[in-house]
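Morning, everyone. Please bring up the model.

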Amino acid sequence: MKNIKILIAAGAVVMLSAGACNSDFLDLAPISQENSNNFYKTDEDMKNALTAVYGSLQYGGQYYSSIHVMGDLRSDNTEITNPNAGADLQAIDNFTNTPVTSISNTTWSGHYQGIQAANIVIEKIEAVNMDAATKARYIGEAKFLRALMYFNLVRIYGDVPLVTKVINNPQEGYEYGRNATEEVYQQIIADLMAAEGSLPYTYAAAEVGRATKGAAMALLGKVYLTRKKWTLAGQKLKQVIDEAAQTKYKLMPTYAGVFGIPAENNAESIFEVQFKSGSNGEGSPFANQFAPIGSGTAVVAVGNPLGQNIPTAEMDATYEANDLRKAASMKNSYVLSGKTTLHNYVVKYSGTPAANLDSDNNWIVLRYADVLLMYAEVLNEQGFVADGPAFDYLNQIRTRAGLPVKTFSNENPSLQITSQAEFRLAVEQERRVELAFEGHRWFDLVRTDRALTVLADKGIQPHHVLLAIPQSQVDINPAMISQNPGY
C-alpha cells in the first residue's frame, strides 16, 4: 500500500518545469518571488510543498532511472546487451560517456530540482503558523531528503555547487560554483544530524513511507563509512542495530520476502522511494526497463521490454551454489510462444504494470541488511579479530541466504577468512549478491578504492570514478563551473 501520496503534480505548485526557462542556472527551476511570498501560508501548504520534495525522488534523474544506471550499469553487475536499449546507456556502461551524454544532465538537473524543493520547505516554513512539533518534523524530513540528494550528487560528480537557500531567479544561480567535496559532506552530515533529532522512529499507517529517525541514522552511518570515518560510522550503525526494538527493523525471515509489491515498506526496509501505478505518472518503470528486448509478454505482461540493466554473466557466476538470493534476484531464461531463450534478467522488480512504465514497485534506498554489512565492514577496518563480532554480522546475512558461515578456522578454503584483507573481499562479495540490482555496487567499488582494479576489463580510466559535469552547466557559467578532469 502506498500510504504517503507522492503526487508529482503537487510539485507544480512549488516549482516550474525544468524546461520552462532554458537559461536557468543549475536547472533549479526557480519559483517567482511573488509566488514564494504568497503561497506558503498554512500547514497544508507546507505539507504539499514537502510532498513535492518526496515526489522529486521519482524523477528520471533520480530513482526512476539514474540511480540504477549509476549504481549497477556502470559497475560489473549489469550491462546493455542490445544497442536498441539506448546509446547513452551504452556509453555509461562502456565508459565512453561524454559531458553531453544525456544521463549526466538528467541526473544533475533532477537532483537540483529536488534540492530546490527541499530548500523551499526549510526556508518558507519558518514564517508559517503551525504546530511546532509538526514544523520541526517537516524540516527534518526535508533535510533528510536534501542530504540524500547531495550524497548522490557528491558521489557521482565530486565537487558540486552547495545550494542551501531558495533560488528565486536565474541570475542568483550564477553566484554558485563547485564547492569542495568536504564542504558538501559537512552539510550532508549537519542535515542528517538535524533530521535524526527531529524525526520519529515510526509513523502511523497512513504516513508510512516518510523519512524516519532510523533512516537518518542509517544514512549518516553510510556517509561516515564513505568518508572512512570508522569510529563515527561504527557508533551510528551500532545505534541503528541497538535501537532496532524502537525502529522495528529486522531481517525478514526469507530473502524473497523482502521484495515484491506486497512486501513493500516491510520490517527490513529503512527507506524506500514510493511509487504507485495508475496515479497520474506515479508508477515505476523497473518491470519494463529490466525486461529483455524481444521477450514480448514472457517477462512483463504489459508495456514494452526495454532491455536495460541486464545481469552480466560474471554476476550470474558470482552467486555460490544454493544461494537462495539468486532466484529472488535474477533469472537466466524466459519462454515465449513455447520457445526457451537464454537471457539474464532482473526479477526483483517483477510485476504486471497498469500500463507501460507504470508499476507499483518501490525502490529500496536503505535496508537493515545493508546496515549489518556496513557494520561488519567497519569492525574489520577497526581491527581484524579472528571469529570476532564482524563475523557474526556477516554470517547473519549468509545464514538467511541458506549458505554456510565463514570462519577463521574453517577447513574449507572457500569458507575461511584469515586476515583483514580477506574479510574486506568477503564483505565486498556479500554486498554484491545481497544488494544486487539495488544501486549499490558502483558506489561500493569507488568507496573502497576497488573500481579501477575490478572494472579494468571494462576500460575504466582513473577519471571515470567521477561522472562528467553536464557541458550545459559549464557553458552557462564557465567562470564558476569547471569540468571534471579527463572529460
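A word on terms before the residues. A cavity is a set of grid points where a 1.4 Å probe fits but cannot get out, and a lining residue has an atom within 4 Å of a point. Keep in mind that this is a predicted model.

With that, take the second largest cavity. Its lining is F286, A287, F290, A291, V299, V300, V346, Y349, S350 and G351. By class that gives 8 nonpolar, 2 polar and no charged residues. The volume of the second largest cavity is about 50 Å³.

How many cavities of 30 Å³ or more are there? The count is 2. So much for the second; on to the other. The largest cavity has about 110 Å³. Its lining takes in V258, F259, G260, A263, E264 and E272. It also takes in K348, Y349, N361, N362, I364 and E438. Here the classes read 5 nonpolar, 3 polar and 4 charged. Note Y349: it lines the largest cavity, and it lines the second largest cavity.

The largest pocket holds about 500 Å³. It has 32 lining residues, and F151, R155, Y185, T226 and F443 are the closest to its centre. Which elements give two or more residues to this lining? They are α7 (132-157), α9 (181-198), α10, β6 (363-367) and α19 (441-447). Helix α7 has the largest share, with 5 residues. By class, the lining of the largest pocket splits into 17 nonpolar, 6 polar and 9 charged.

Next, the second largest pocket. It comes to about 330 Å³. There are 17 residues in its lining, with V208, T212, N265, N266 and S269 nearest the centre. Strand β2, residues 269-273, gives the most, at 4 residues.

Helix α10, residues 213-226, packs with α16, residues 368-382. The angle is about 35°, and the axes are 11 Å apart. The crossing is left-handed. On the α10 side, the contact is made by A218, K222 and L225. On the α16 side, it is D370, V371, M374, E377 and V378. That contact has 5 nonpolar, no polar and 3 charged residues.

That's my list. Over to you for discussion.

Notes:
Residues are numbered from 1 along each chain as its sequence is written. This is a predicted model: local features need pLDDT of at least 70, side-chain atom pairs count only at pLDDT 80 or more; totals for chains, interfaces and linings use all residues. Side-chain values use heavy atoms; hydrogens and water are left out. On a 1 Å grid over the protein atoms alone, a cavity is a set of points where a 1.4 Å probe fits but cannot get out, and a pocket is an open set with protein on both sides within 12 Å along at least five of seven lines; lining residues have an atom within 4 Å of a point. Grid points are joined across faces, edges and corners, and a volume is the space filled by probe spheres set on the points. Ala, Val, Leu, Ile, Met, Phe, Trp, Tyr, Cys and Pro count as nonpolar, Asp, Glu, Lys and Arg as charged, and the others, Gly among them, as polar. Axes are lines fitted to C-alpha atoms, for helices over the stretch in contact, and angles run from 0 to 180 degrees between N-to-C directions. A crossing is left-handed if the near helix is turned anticlockwise from the far one by less than a right angle, and right-handed if clockwise. Contact means heavy atoms within 4.5 Å.
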